[in-house]
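I opened this notebook to record what I looked up in one structure. The entries cover the sheet, the helices and the salt bridges in turn.

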Amino acid sequence: MTDPSTRPAPPPLKPLPEDWSKALAIVAHPDDMEFGAAAAIARWTGQGKEIGYVMVTSGEAGIDGLEPGECKRIREAEQIESARIVGVDTVEFLGFPDGVVEYGVALRAAIAAVVRRHQPEIVITGNFRDSFGPGALNQADHIAVGRAVLDGVRDAGNRWVFPEQLVDGLEKWGGVRAVWAAGSPQARHGVDTTETFEAGVDSLKAHRAYIDGLGWENFDEREMLEGFSRMTGTRMGVAFAAGFEVYSLVWGGGDED
Ligand SMILES: [Zn+2]
């Protein structure tokens, strides 16, 4: 007889490879990187890696009491500051409509274009599975964007897909080794963020207007990030960690373990 109340401990996480020099993080909204992944970004920029951020929307529908035009201005500024705190100097906004992002050719094309311009080896996005775990449904924009990232990255490597982009020296780019989805419930890899945890907290705090707008009583950025990071860290034998699901784009590359 097994006790139904005991669940098996989650499996250990393998460390993500760090033998790369350039990554691009492409997510739906300002703040998506800051709910867990930013401390990993701080670790990597601290190693001298170059990382850029691309926001598919400007999060303009994210604050109930704020009209979208004004909200866009505030949230873009907060995201730029938040990125700066973790060593990211380039933040681009693609201008898709917040809340109603559609998976489709237009989004894939926009993603292929930024990938062709930046030529990253690794592309980071947010969890795009249906949920973050039991009882925590994912959001429509996250799902649409993650799927489009996976496809747009492959489109970028095919000169016959979106060929109209290949002008003025822009070339196809097939150099992306993997897409890493932060915060996936299927994460089997992780990054030790113990040393850069505080930078992650500060980068979330930079989203002041957004967090205030959520109206969560007594919300504590550090406490929330500590909860997730400690749980993930336990699976790597470190204090704090961030979990990622690896989608390898190298044929036969498995999950790079
Ligand atoms: Zn989001």
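The entries below follow the order in which I consulted the model.

**Entry 1: Basis.** I noted that this is a predicted model, in which local features need pLDDT of at least 70, side-chain atom pairs count only at pLDDT 80 or more, and totals for chains, interfaces and linings use all residues. Residues are numbered from 1 along each chain as its sequence is written, and side-chain values use heavy atoms, with hydrogens and water left out.

**Entry 2: The sheet.** I looked up the strands (DSSP runs of E, at least two residues, numbered from the N terminus). I found an open sheet of 8 strands in the order β1-β7-β8-β6-β5-β2-β3-β4, with mixed pairing; two strands pair if DSSP finds at least two bridges between them. The edge strands, β1 (14-15) and β4 (91-93), each pair on one side only. I then examined β5 (residues 122-126) and β6 (residues 178-182), which pair in the parallel sense over 5 bridges. Here isoleucine 122 stands opposite alanine 178 in β6. I recalled that strands of a sheet pair through backbone hydrogen bonds, either parallel or antiparallel.

**Entry 3: Helices across the sheet.** I took helices as DSSP runs of H or I, at least four residues. Helix α3 (residues 105-118) lies across β2 (22-27), β3 (50-55) and β4, running at about 160° to β2. Helix α4 (residues 140-156) lies across β2, β5, β6 and β8 (241-248), at about 165° to β5. The axes are lines fitted to C-alpha atoms, for helices over the stretch in contact (heavy atoms within 4.5 Å); angles run from 0 to 180 degrees between N-to-C directions.

**Entry 4: Salt bridges.** I searched the whole structure and recorded 14 salt bridges, each a side-chain nitrogen of Lys or Arg within 4 Å of a carboxyl oxygen of Asp or Glu. One of them joins arginine 108 and aspartate 155 (2.8 Å, N to O). This pair links helix α3 to helix α4, 47 residues apart. Buried means under 20% relative accessible area, exposed over 50%, and partly exposed in between (1.4 Å probe, protein chains only).

**Entry 5: Helices α6 and α7.** Glutamate 221 and arginine 208 also meet in a salt bridge (3.2 Å, N to O). Glutamate 221 lies in helix α7 (residues 221-234) and arginine 208 in helix α6 (residues 208-214), so the pair ties together parts 13 residues apart in sequence. Glutamate 221 is buried at 5%, and arginine 208 is partly exposed at 36%. I noted that Arg208, Asp212 and Glu221 are linked in a network of salt bridges.
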